[in-house]
Amino acid sequence: MTVAPSTPFSELADTARRDFADRNPQSRLQYARAREVLPGGHTRTVLTHAPFPLTFASGAEATLTDLDGHTYIDALGDYTAGLLGHSDGRVREFVMRALVENTSVGGIHPYEERLARLMCARFGIDRVRFTNSGTEANLMAITTAIHATGRRRVMVFNGGYHGGVLYFVTGSPTTNAPYDFVVAPYNDLAGTLELIEQHRRELAAVLVEPMQGSGGCLPSAPGFLAGVFAAARTAGAVCICDEVMTSRHGPGGMAALLDAEPDLTTYGKYIGGGFSFGAFGGTAELMDQYDSNPPSGPRPYISHAGTFNNNIASMAAGTVVLGDVFTPEIAVSHTSRGDEFRADVATVLARSGIPMSVTGFGSMMSFHAVAEPPTDVIASMRGDTALLELVFFGLLRRGVYTAARGMINLSLVHTDEQLAAVLDALGDCLEEIAVETRSP
Ligand SMILES: Cc1ncc(COP(=O)(O)O)c(C=O)c1O
């Protein structure tokens with residue numbers, strides 16, 4: 001194993017970790033307790049960071065309170081699932097009313113059709129089916145493409161993330177689902193077109209995010225997504241757009257803003273209003289492969305099971321999220337607000353003189369420990385990750401919660417004062433790092 005060399009940032013990060021541990025004894029205790037029964041202390045690897053992650057006692061609007069009583073501005077927004085904040089009254093009341101009638105019926109319920117109709121209208125798809133997670137949605141979208149084309153190869157992108165078993169942020173681990181993947185270079189259209197040409201007879205699908213979220217909020221370069229889809233379609237492959245995070249951008253999702261038209265799209269996160277959620281949808285031709293009871297009589301179909309796919313809480317919550325709360329108009333204004341905030345973040349970073357940048361689109365953004373905003377994950381990873389860790393702990397100490405890897409997602413309930421406080425905290429934190437790393 002190679003040990004990373006010590007840098008001025010890594011030495012400060014050691015101190016920041018110790019300070020964090022001292023400030024959070026109850027979270028540390030709870031984490032130790034959890035580790036006795038949960039390997040790693042929880043069930044969501046993304047939450048892990050050294051020395052231990054915080055345990056939260058409660059969340060309200062855009063704030064979180066941990067077990068030691070610190071209250072934070074939540075600038076992470078549950079990796080985009082928390083678009084509505086932590087306590088949206090409209091979702092809560094509607095779901096509670098639905099659940100008072102019955103917690104489950106173990107069968108078909110009208111909320112499922114209501115949410116499906118809202119999604120088809122909103123995202124311009126003919127048909128949709130629900131799953132429990134974004135991961136499952138992507139697995140099913142790939143299955144749809146394999147079944148439709150009779151081919152098995154799936155093109156994905158370096159830096160992409162499509163779920164726990166569809167991970168390409170750094171390599172392709174053995175825990176990935178055993179598909180025949182070919183990994184293409186994100187934002188390199190010429191390189192990708194060459195690969196499509198090379199695999200044109202075997203490609204069942206191209207699966208791509210319009211902006212790589214977990215890869216560091218790296219948006220598709222102009223023309224990249226549309227160019228990939230055009231070539232994939234010519235090769236007879238199904239174009240799958242993973243909008244699990246990005247469907248919040250614009251009235252019909254992010255692909256529409258990039259003039260790229262997928263055959264299938266996957267959804268998740270905020271649409272469930274805090275409840276587990278996933279969905280995949282697209283053209284009637286592809287999706288009707290799931291019709292196990294066609295009017296024209298029996299024919300082969302794809303089976304898609306899942307006890308909780310249409311659970312009442314998620315279906316009811318989704319109808320409020322898309323029907324009442326996150327209207328197309330609000331999607332547009334939230335994206336503008338995010339663009340403005342990200343520009344302010346970039347100004348604070350530039351002013352600090354610290355080698356950091358921010359990338360993103362609309363209300364999603366990520367820090368990078370490199371001065372030049374990267375366009376792919378390889379460029380992003382050239383930086384000193386200890387710097388990102390330092391900023392994470394520095395922001396926590398100033399009452400701002402982000403992802404340890406530097407992700408920020410604005411929610412609908414962030415106030416202007418809270419966003420200003422995040423910028424102040426960032427400026428203050430960077431100034432401290434600049435002072436502490438200045439040569440004597
Ligand atoms: C782009 C993308 N696709 C799929 C997923 C997987 O969704 P889930 O965590 O609901 O399985 C994620 C989760 O972060 C994601 O960011």
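Me: Which helix gives the largest share of the shell around the ligand?
Reply: In this predicted model, 16 residues lie around the ligand, and Ser133, Gly134, Thr135, Gly163 and Val244 come nearest. The largest share of that shell is three residues, and the element that supplies them is helix 5 (residues 134–149).

Me: How many residues of helix 13 are buried?
Reply: A residue counts as buried if 20 or more other C-beta atoms lie within 10 Å of its own. Of the 13 residues in helix 13, the number buried is 11.

Me: How far apart are the end C-alpha atoms of helix 13 (residues 385–397)?
Reply: Helix 13 has 13 residues, so at 1.5 Å a residue it should span 18 Å. The distance in the model agrees with this: 19 Å.

Me: Which residue with a positive phi follows helix 13?
Reply: The phi in question is near 85°. The residue is glycine 399.

Me: What radius of gyration does the protein have?
Reply: The C-alpha atoms fill a box of roughly 80 × 55 × 45 Å along the principal axes. Because the protein has 440 residues, a compact globule would have a radius of gyration near 22 Å. The value for the protein agrees: 22 Å.

Technical notes: Residues numbered from 1 in each chain as written. Predicted model: local features only at pLDDT ≥ 70, side-chain atom pairs only at ≥ 80, totals over all residues. Near = placed C-beta within 6 Å. Helix = DSSP H or I, 4+ residues; strand = E, 2+ residues; numbered from the N terminus. Expected span 1.5 Å × (residues − 1). Buried ≥ 20, exposed ≤ 12 C-beta atoms within 10 Å, placed from the backbone. Rg over C-alpha atoms; globule rule 2.2 N^0.38 Å.
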